[in-house]
Amino acid sequence: MTGPRTRPADRPSGGRRRASHSIEAVLSAAVALLDEAGEPALTLRALAARLGTGVGSVYWYVSGKDELLERAIDHVLGGVLADVERQADGEDPIDDLRMIAVKLFDAIVDRPWLGGHFMQNSDIQGNSLRLYEKLGRQTLRLDLTPRQRFHAVTAIFSVVIGNAADMGQEPPQEVLDGLVGRDEFLGRYAERWRALDAEEYPFMRSIADEFEGHDDKEQFLAALDLMLAGLRLRVRG
């Protein structure tokens with residue numbers, strides 16, 4: 001993690017005319033660029049063009065592309081945090097852990113650019129730290145040691161970000177080009193697995209039917225529920 005960076009409100013003007021756009025407008029435009037074409041599309045020049053202003057105006061708010069990306073991530077996660085905080089804690093902290101994890105997953109899965117930089121700089125990405133704290137507070141309601149709490153929250157983040165990043169990858173080119181549909185593409189692999197030697201690949205053959213046409217979100221939820229079931233057993237034990 002890097003040290004504190006100058007926040008927009010504290011940045012001296014150095015004689016420049018103050019930017020006319022709000023930080024909210026700047027970050028919303030940055031997120032739109034990222035959503036449209038990913039991280040390579042986010043340049044200060046492209047952002048300035050989207051805002052209809054000069055590059056110098058963008059520098060009023062951020063020191064460069066790295067800080068802009070981190071603030072865009074924090075902007076998106078602020079919406080996730082607000083959504084989570086609108087719901088009061090329930091009676092079951094493990095159910096609350098699941099709720100937070102699913103909301104975070106839904107935010108990341110449609111934004112591959114988000115998961116790859118999550119919590120890299122919590123001095124700027126303050127909302128990622130608050131989400132981590134929000135998850136952690138649910139484990140404080142459970143009879144766990146500090147180490148077990150740390151491992152539990154880390155495992156949840158790993159399941160969420162790992163699955164979201166995997167689902168957020170670009171489909172194969174032939175699927176993108178519309179030459180084959182997703183089900184047909186998965187079906188090809190399923191057929192290959194069914195044709196494998198039964199003694200050498202008993203597992204792959206056994207899951208071929210499950211793999212064909214599977215739902216990615218359902219697969220994530222199953223992985224999350226398996227992990228949370230293990231946590232519940234740990235607490236009871």
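The protein has 12 helices and 0 strands, where helices (H or I, at least four residues) and strands (E, at least two) are DSSP runs numbered from the N terminus. This is a predicted model, in which local features need pLDDT of at least 70, side-chain atom pairs count only at pLDDT 80 or more, and totals for chains, interfaces and linings use all residues. Residues are numbered from 1 along each chain as its sequence is written, and side-chain values use heavy atoms, with hydrogens and water left out.

**Overall make-up**

- Along the sequence the pattern reads α-α-α-α-α-α-α-α-α-α-α-α.
- Of the 237 residues, 38% count as buried; buried means under 20% relative accessible area, exposed means over 50%, and partly exposed lies in between (1.4 Å probe, protein chains only).
- Among contacts with a separation of 6 or more, 68% are between residues 24 or more positions apart, a contact being heavy atoms within 4.5 Å.

**Helix α8**

- Helix α8 covers residues 146-167, which is 22 residues.
- From its first C-alpha to its last, α8 reaches 32 Å, close to the 32 Å expected at 1.5 Å a residue; the expected span is 1.5 Å times one less than the number of residues.
- The buried residues of α8 are Ala152, Val153, Ile156, Phe157, Val159, Val160, Ile161 and Ala164.
- These buried residues are covered by elements including α5 (93-109), α6 (112-115), α7 (126-140) and α12 (216-236).

**How helix packing is described**

- Two packed helices are described by the angle between their axes and the distance between the axes.
- Axes are lines fitted to C-alpha atoms, for helices over the stretch in contact, and angles run from 0 to 180 degrees between N-to-C directions.
- Angles under 35 degrees count as roughly parallel, over 145 as roughly antiparallel, 65 to 115 as roughly perpendicular, and the rest as oblique.
- A crossing is left-handed if the near helix is turned anticlockwise from the far one by less than a right angle, and right-handed if clockwise.

**α5 against α8**

- The axes of these two helices come within 9 Å and cross at roughly 25°, so α5 and α8 are roughly parallel to each other.
- The crossing of α5 past α8 is right-handed.
- On the α5 side the contact is made by Leu97, Ala101, Leu104, Phe105, Ile108 and Val109, and on the α8 side by Ile156, Phe157, Val160, Ile161, Asn163, Ala164 and Met167.
- By class, these residues are 12 nonpolar, 1 polar and no charged; Ala, Val, Leu, Ile, Met, Phe, Trp, Tyr, Cys and Pro count as nonpolar, Asp, Glu, Lys and Arg as charged, and the others, Gly among them, as polar.

**α7 against α8**

- α7 and α8 pack at an angle of about 135°, with their axes 10 Å apart, which makes α7 oblique to α8.
- α7 also passes α8 in a right-handed crossing.
- Tyr132, Leu135, Gly136, Thr139 and Leu140 of α7 meet Arg149, Phe150, Ala152, Val153, Thr154, Ile156 and Phe157 of α8.
- The residues of this contact divide into 8 nonpolar, 3 polar and 1 charged.

**α4 against α5**

- Helix α4 (residues 65-85) and α5 have axes that come within 10 Å and cross at roughly 150°, so α4 and α5 are roughly antiparallel to each other.
- α4 passes α5 in a right-handed crossing.
- Leu77, Val80, Asp83 and Val84 of α4 make the contact with Met99, Ile100, Lys103, Leu104 and Ala107 of α5.
- This contact has 7 nonpolar, no polar and 2 charged residues.

- Leucine 228 lies in helix α12 and counts as buried, at 4% relative accessibility.
- Leaving aside neighbours within four places in sequence, leucine 228 is in contact with Ile94, Leu97, Arg98 and Ile156.
- The C-alpha atoms of leucine 228 and isoleucine 156 are separated by 8.4 Å, although the two residues are 72 residues apart along the chain.
- Alanine 155 is found in α8 and is partly exposed, with a relative accessible area of 27%.
- Alanine 155 and leucine 228 are 73 residues apart in sequence and 9.6 Å apart in space, C-alpha to C-alpha.
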